[in-house]
Amino acid sequence: MISLNLSQNWQFKQVEKEEWMSAIVPGCVHTDLLENRKIEDPFFGTNEDKQQWIEYRDWEYKSIFSMNEDVLNQEQINLVFEGLDTYAKVSLNGTVLLETDNMYRIWTVSIKEYLMSENNELHVVFKSAVNTALPILSEKNFRYHAVQDNAVEASAVTRKAPYHYGWDWGPRFVTAGIWKPVYIEAWSNAKIENIFIQQENYTPELANLSLKTEFETSGLKNAKIRITNMETQEVLKVEAIRIEKGSTTQSIDFGIANPKRWFPNGYGDPYLYQLKVDLLINDVITDTKTTSVGLRTIKLNKQQDKWGESFEFIINDIPVFIKGANWIPADNFISRIPDSQYKNLIKSSKEAHFNMLRVWGGGIYETETFYKYCDEMGILVWQDFMFACSLFPGDDAFLENVKQEAIQNVKRLRNHPSLVLWRGNNENEWI
């Protein structure tokens, strides 16, 4: 598979205005306006109040790029946006490809028939999240109460980070933009869509595991899967498989001898195995995925006692006394948080003897960098779904949107040993 980063050479402007300005992708309107000196530091003085006009405008981003023959000759070419915030219309060379309505979802669209070798023009128009929500609210005969939405109460009907609309701990900046990476994936024959390493059982002599692999294929294929321990270069399993056209899933059992366990901070070493999964067709590597694996057992012990009911995490048969904190986004503008800041914050949590961070439901499903450092430092993650302090819609379209959001993020995060619990929301019941 060929992957091409499209995060370069972007410009942006306010819709219906002529001036194009340079843009940084991933990013957002606020950081791009700041970079172009159109606004002052949003966090200084009363600048927050002066910048509320931004959320009521529509914004357009564009990029021009070329394609080489190696990419154009592939059977399948997809454009992938890992995150669009939030109501976006994407066009390539004048053809509308998709319209989005959820900043938490990955958006993938086939573009082979629209590509040219040179001067491909990609446009993304973002509608105001607030202006888009207002007609939805006006059609209802009741209030979607959003407690922390400190201006126009529009957040509950939009799948966008609730804290963007203001909170008791932070300002209101209702962003828009390409907030995660954008790239092209091109492939022929087959590609690995997703891998999941599931621990079946464990003894000191052997950890029995199952690799569940999702494929996309252009036709019926005879292939092989090879699983390798990247640290030792030991091949753990090679198995012949047959994959059908379209989407298909295969399961392969394998083991790790004399396994080392992953422990939370303060209870042992958070040991990680680095595994590589190769897809081979005619003994040629067609695609590869890698993942970290931490071997650990977990149980949530809820038993009646004289005080009520226990709520105790048992990890590797050891009761863990939970010590930690609530994790909110480390910046109002997510794309400008460097890896070093994530590392420093999680390292500080470890040094404070924390063993758990709860990813709060008013923010985002965090970046891979966040979970990577939690894995490496033995910090357990209590993970909320992104609902907070509001009454949310229950219509079919909204529920289907949330369903796809949940599927994508559960699949994205499920290999992380630090992730020990999914929780529905933050403080919704009292609404």
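**Surface, strands and charged pairs**

Biologist: Is Leu 391 buried, partly exposed or exposed?
Modeller: In this predicted model, Leu 391 is found in the loop that runs between strand S27 (380-384) and helix H7 (396-413). Its relative accessible area is 36%, and since buried means under 20% and exposed means over 50%, the class for Leu 391 is partly exposed.

Biologist: About how much accessible area do Phe 142, Val 147, Leu 391, Trp 430 and Ile 431 have together as a nonpolar patch?
Modeller: Leu 391, at 36% relative accessible area, passes the requirement of over 30% that applies to members of a patch. On the surface, Leu 391 is grouped with Phe 142, Val 147, Trp 430 and Ile 431, and together the accessible area of this nonpolar patch is about 450 Å².

Biologist: Which strands stand at the edges of the open sheet, each with a single partner strand?
Modeller: The open sheet has 4 strands in the order S16-S15-S18-S19, paired in the antiparallel sense. A strand with a single partner has one side left without a neighbour in the sheet, and this applies to S16 (234-243) and S19 (284-293). Neighbouring strands of this sheet are turned by 20° against each other on average, with direction ignored, and the strands standing at its edges are S16 and S19.

Biologist: Which residue in S16 does Lys 221 stand opposite?
Modeller: Strand S15 (residues 221-229) pairs with S16 over 9 bridges, in the antiparallel sense. The loop between S15 and S16 holds Glu 231, which counts as exposed at 55% relative accessibility. Within the pairing, the residue that stands opposite Lys 221 is Ile 243.

Biologist: How many bridges join S14 to strand S17?
Modeller: On one hand, S14 (residues 206-217) pairs with S13 (residues 190-202) in the antiparallel sense over 11 bridges, and these two strands form a hairpin with 3 residues between them; in that pairing Asn 194 stands opposite Glu 214. On the other hand, S14 also runs antiparallel to S17 (residues 246-257), where Ala 207 stands opposite Ile 256. The number of bridges joining S14 to S17 is 12.

Biologist: What distance does the polar contact between the side chains of Asn 102 and Glu 405 have?
Modeller: Asn 102 is found in the loop between strand S7 (95-101) and strand S8 (107-110), and at 0% relative accessibility this residue counts as buried. Its side chain is joined to that of Glu 405 by a polar contact of 3.0 Å.

Biologist: How many residues apart in sequence are the parts that Asp 85 and Lys 160 tie together?
Modeller: Asp 85 and Lys 160 form a salt bridge whose closest N and O atoms are 2.6 Å apart. Asp 85 lies in the loop between S5 (76-81) and S6 (87-92), whereas Lys 160 lies in the loop between H4 (129-138) and S10 (165-167), so the separation in sequence of the parts tied together is 75 residues.

Biologist: Which helix holds Arg 412, the partner of Glu 368?
Modeller: Glu 368, which counts as partly exposed at 36% relative accessibility, forms a salt bridge with Arg 412 in which the closest N and O atoms are 3.1 Å apart. Because Glu 368 lies in helix H6 (residues 368-377) and Arg 412 in another helix, the pair ties together parts 44 residues apart in sequence, and the helix that holds Arg 412 is H7.

Definitions and conventions:
Residues are numbered from 1 along each chain as its sequence is written. This is a predicted model: local features need pLDDT of at least 70, side-chain atom pairs count only at pLDDT 80 or more; totals for chains, interfaces and linings use all residues. Side-chain values use heavy atoms; hydrogens and water are left out. Patches are made of residues with over 30% relative accessible area and no salt bridge: like charges are joined within 9 Å, nonpolar side chains (Val, Leu, Ile, Met, Phe, Trp, Tyr) within 5 Å. Accessible areas come from the Shrake-Rupley method with a 1.4 Å probe; for residues, only the protein chains shown count as cover. A salt bridge is a side-chain nitrogen of Lys or Arg within 4 Å of a carboxyl oxygen of Asp or Glu. Buried means under 20% relative accessible area, exposed over 50%, partly exposed in between (1.4 Å probe, protein chains only). Two strands pair if DSSP finds at least two bridges between them. Axes are lines fitted to C-alpha atoms, for helices over the stretch in contact, and angles run from 0 to 180 degrees between N-to-C directions. A polar contact is a pair of N or O atoms within 3.5 Å; within protein, one must be able to donate a hydrogen and the other to accept it, and residues adjacent in sequence count only if both atoms are side-chain atoms.
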